[in-house]
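Come along and check each entry against the picture.

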Amino acid sequence: MAGLNALEGAALVIGGIYMLVMGLLGRPDSPQQAEMGGLTLIALGLIPLFAARGLLLRRSWSRGPALITQIIALPVAWTLLRSQGVLIPAGIVLAAVSLTALFQLARPATIEALGIRRPGTDTDA
C-alpha cells in the first residue's frame, strides 16, 4: 500500500522534472506553462510520497492524503482510458493501482494497523 503511493508520487515527480527541464531547455509552445506545469507536478508528487512514508511508519494521519491521492487518480485514469494510443495502457495501470490502493486503505486490518478508532468505540475497551 505504501509502495503504491510511493510509485504514484515518484511518477508525478519524475514527470514534473521532465516537464520543467523541457520547459527550460526544450522548445515548448509555452515555456512558462511547461515550467509551471512541471513545478505543479513536483508539488503534487510530494503528497503521495509523504503519505507513503507515513504509511510505512504506521501514522494514522497518512491515510487521508493517501485516500485523496487515489480518489484524484481515478478521473485521471478515466481520461487516459478515453484517449488514444499509448495512453490507454497507462490508464489501465493507473486505474488498477488506484483501485487496489483504495481497497487496501479501506480494509479493517489497515485501519487497525494505523491505530484509527472507529466512531462510537470506547477508548478504554
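Before I list anything, I note that a residue counts as buried when its relative accessible area is under 20%. I also note that this is a predicted model.

**Entry 1: helix H3.** I looked up which residues of H3 are buried. I found Arg 63, Ala 66, Thr 69, Gln 70, Ala 73, Ala 77 and Leu 80. I then looked for what covers these buried residues, and the cover includes H1, H2, H4 and helix H5 (108–113). I checked the length of H3 too: at 1.5 Å a residue, its 19 residues should span 27 Å, and the end C-alpha atoms are 27 Å apart, so the two agree.

**Entry 2: helix H1.** I ran the length check on H1 (residues 2–25) as well. Its 24 residues should span 34 Å at 1.5 Å a residue, and its end C-alpha atoms are 34 Å apart, which agrees. I wrote down the buried residues of H1 as Ala 2, Asn 5, Glu 8, Gly 9, Val 13, Gly 16, Leu 20 and Gly 23. They pack against H2, helix H3 (63–81) and helix H4 (87–106). A reminder to myself: an α-helix has 3.6 residues a turn, so residues three or four places apart point the same way.

**Entry 3: the cores.** Which residues make up the largest nonpolar core? I listed 7 residues: Ala 2, Ala 51, Ala 52, Leu 55, Ala 66, Leu 105 and Leu 114. Helix H2 (residues 31–56) gives the largest share of this core, 3 residues. A second, separate core has 5 residues, among them Ala 73, Ala 77, Leu 94 and Ala 95.

I went back to Leu 114 and set aside its neighbours within four places in sequence. Leu 114 is then in contact with Leu 55, Arg 58, Arg 59, Ser 60, Ser 62 and Arg 63.

**Entry 4: the largest pocket.** I noted a volume of about 580 Å³ for the largest pocket. Of its 17 lining residues, Glu 8, Ala 11, Leu 12, Ala 73 and Leu 94 are the closest to the centre. H1, H2, H3 and H4 each supply at least two residues of the lining, and H3 gives the most, with 6 residues. I sorted the lining into 15 nonpolar, 1 polar and 1 charged residue.

**Entry 5: Thr 110.** Beyond its neighbours within four places in sequence, Thr 110 is in contact with Met 1, Gln 104 and Leu 105.

Terms used: Residues numbered from 1 in each chain as written. Predicted model: local features only at pLDDT ≥ 70, side-chain atom pairs only at ≥ 80, totals over all residues. Heavy atoms only, no water. Core = buried A, V, L, I, M, F, W, Y, C linked by side-chain atoms within 4.5 Å. Buried < 20%, exposed > 50% of the residue type's maximum accessible area, 1.4 Å probe, protein only. Helix = DSSP H or I, 4+ residues; strand = E, 2+ residues; numbered from the N terminus. Contact = heavy atoms within 4.5 Å. Expected span 1.5 Å × (residues − 1). 1 Å grid on protein atoms, 1.4 Å probe; cavity = no way out; pocket = protein on both sides within 12 Å on 5 of 7 lines; lining within 4 Å. Points joined across faces, edges and corners; volume = space filled by probe spheres on them. Nonpolar A, V, L, I, M, F, W, Y, C, P; charged D, E, K, R; others polar.
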